[in-house]
Amino acid sequence: MRGAPVVLGIESSCDETGAGLVRNGRLLGHAVASSMDEHARFGGVVPEIAARAHVHSFNPVVQQALEEAGLGISDVGAVAVTTGPGLSGALQVGLAGAKSLAYALDVPLYGVHHLAGHVAADTLAHGPLPDPCVVLIVSGGHTSLLLVRDLARDPIMHLGDTLDDAAGECFDKVARVFGLPYPGGPAIDRAAREGDARSVSFPRPLTGPRDDPYGFSFSGLKTAAARWAERHRGQVLPVADGAASLQEAVADVLTRKAVAACTANGVGTLVVVGGVAANSRVRSLAEERCTAAGIALRVPPLRLCTDNGAMIAAIGDLLVRAGTEPAPLDVSIDPSAPLEYAALHPVARAAAMVS
């Protein structure tokens with residue numbers, strides 16, 4: 001095949017097994033298998049169940065992505081895989097499968113930072129990222145404001161990060177208190193449609209004049225929602241009003257800080273990515289505030305907000321075209337890797353010899 005190679009991306013950091021195929025910035029095909037239903041009765045992801053599900057789903061998901069793209073496995077010219085952060089066992093399954101494919105096909109392998117993948121997901125819908133842009137990542141485990149230049153080459157500058165519970169984690173925990181199903185984000189969003197967002201005056205964490213201007217903290221909001229629910233003990237809990245008010249508080253904090261970061265840094269584009277970017281109120285309030293501030297807003301389509309292999313393939317494609325060195329043969333995983341660069345090629349250190 002001429003020109004840039006077809007990059008196969010593999011994602012297995014949590015409970016979704018994803019495979020995607022990207023060439024020269026264009027998504028050719030992707031598929032996702034989720035084990036979410038198996039975790040729902042536990043109220044959260046069980047690492048052992050997730051890892052086992054990845055083992056069963058890996059080959060079918062890769063094959064489905066190839067079929068959607070109308071390609072064969074021999075058409076793949078490079079493999080990209082999430083090497084962190086995420087669940088250790090889940091990451092190991094994806095890396096083992098990706099290494100096997102890269103070795104069998106004799107093609108380069110690239111390790112990718114999961115959060116950089118979320119950023120790259122937007123390029124599949126809207127083209128190359130402006131240089132610079134501000135990126136708001138909102139997911140189950142991460143809430144960050146980033147200043148991004150060349151995603152494949154330059155270091156990623158953190159303007160602010162979550163100090164405790166991330167936005168998605170807050171949704172999950174409060175949903176459980178409200179008696180809503182897991183995952184909490186979509187459940188809160190659905191319930192909020194019937195509620196009044198002004199009915200409960202939930203706090204807006206870290207928005208005071210002396211607070212961290214771009215940091216996030218949702219543990220206090222989670223506690224406030226739990227105490228509100230406790231005050232209704234023995235009564236019918238007005239879940240819709242609580243959900244709408246909680247969602248409004250989260251969306252208010254996220255979008256307020258994101259627009260402020262753009263303005264303070266003289267950046268004209270805000271990109272909102274991650275699972276919580278699928279939340280209807282986050283999307284609508286971001287659009288309202290960006291329009292008022294004269295800032296362009298980019299949000300990926302819903303199917304590319306949650307974890308998927310397409311976003312990992314998108315980063316791999318960028319790395320290939322940037323001439324980045326492939327991962328070494330002994331590349332490993334880093335379950336708690338900080339986001340510094342898009343490429344993530346950790347190497348496991350041998351245990352010290354015991355005399």
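Visitor: Is T269 buried or exposed, judged by its relative accessibility?
Guide: In this predicted model, the relative accessibility of T269 is 11%. The cut-off for burial is under 20% relative accessible area. T269 therefore counts as buried.

Visitor: In which strand does T269 lie, and which residues is T269 in contact with, leaving aside neighbours within four places in sequence?
Guide: T269 is part of strand β9. Once neighbours within four places in sequence are left aside, its contacts are P130, C133, V134, C262, I295, A296 and R298.

Visitor: Is V272 buried or exposed?
Guide: V272 also belongs to strand β9, which covers residues 269-273. Its relative accessible area is 2%, and burial requires a value under 20%. V272 is therefore buried.

Visitor: How far apart in space are V272 and P300, C-alpha to C-alpha?
Guide: P300 is among the residues that V272 touches, a list that also includes L136, V138, A277, V282, L297, R298 and V299. V272 and P300 are separated by 28 residues in sequence. From C-alpha to C-alpha, the distance between V272 and P300 is 7.7 Å.

Visitor: How many disulfides does the structure hold?
Guide: A disulfide is a covalent bond between the sulfur atoms of two cysteines. Here a pair of cysteine sulfur atoms must lie within 2.5 Å to count. The sulfur of C14 has its closest cysteine sulfur in C305, 16 Å away and too far for a bond, and for C133 the closest is in C262, at 8.7 Å, again too far for a bond. The number of disulfides in the structure is zero.

Visitor: What distance separates the end C-alpha atoms of helix α9?
Guide: Helix α9 runs over residues 239-264 and has 26 residues. At 1.5 Å a residue, these should span 38 Å.

Visitor: How many residues of α9 are buried, and what phi does G266 take just after the helix?
Guide: Helix α9 is mostly covered, with 20 of its 26 residues buried. Just after α9, G266 adopts a positive phi of about 65°.

Visitor: Which element supplies the largest share of the lining of the largest pocket?
Guide: The largest pocket has a volume of about 1000 Å³. It is lined by 35 residues, of which S139, G140, G141, D172 and G275 are the closest to its centre. The elements giving two or more residues to this lining are α4 (114-121), α6 (167-177) and α7 (184-192). The largest share, five residues, comes from α6.

Visitor: How many charged residues are in the lining of the largest pocket?
Guide: By class, this lining contains 13 nonpolar and 13 polar residues. The charged residues number nine.

Visitor: Which element gives the largest share of the lining of the second largest pocket?
Guide: The second largest pocket holds about 350 Å³ of space. Of its 18 lining residues, T123, P128, L129, L318 and R321 are the closest to the centre. At least two residues of the lining come from each of α5 (123-126) and α11 (309-321). The largest share, four residues, is supplied by α11.

Visitor: How many nonpolar residues are in the lining of the second largest pocket?
Guide: Sorted by class, this lining has three polar and six charged residues. Its nonpolar residues number nine.

Visitor: Is D106 buried or exposed?
Guide: D106 is in the loop between α3 and β5 (109-113), and its phi is positive, near 60°, in a residue other than glycine. Exposure requires a relative accessible area over 50%. At 72% relative accessibility, D106 therefore counts as exposed.

Methods:
Residues are numbered from 1 along each chain as its sequence is written. This is a predicted model: local features need pLDDT of at least 70, side-chain atom pairs count only at pLDDT 80 or more; totals for chains, interfaces and linings use all residues. Side-chain values use heavy atoms; hydrogens and water are left out. Buried means under 20% relative accessible area, exposed over 50%, partly exposed in between (1.4 Å probe, protein chains only). Contact means heavy atoms within 4.5 Å. The expected span of a helix is 1.5 Å times one less than its number of residues. On a 1 Å grid over the protein atoms alone, a cavity is a set of points where a 1.4 Å probe fits but cannot get out, and a pocket is an open set with protein on both sides within 12 Å along at least five of seven lines; lining residues have an atom within 4 Å of a point. Grid points are joined across faces, edges and corners, and a volume is the space filled by probe spheres set on the points. Ala, Val, Leu, Ile, Met, Phe, Trp, Tyr, Cys and Pro count as nonpolar, Asp, Glu, Lys and Arg as charged, and the others, Gly among them, as polar.
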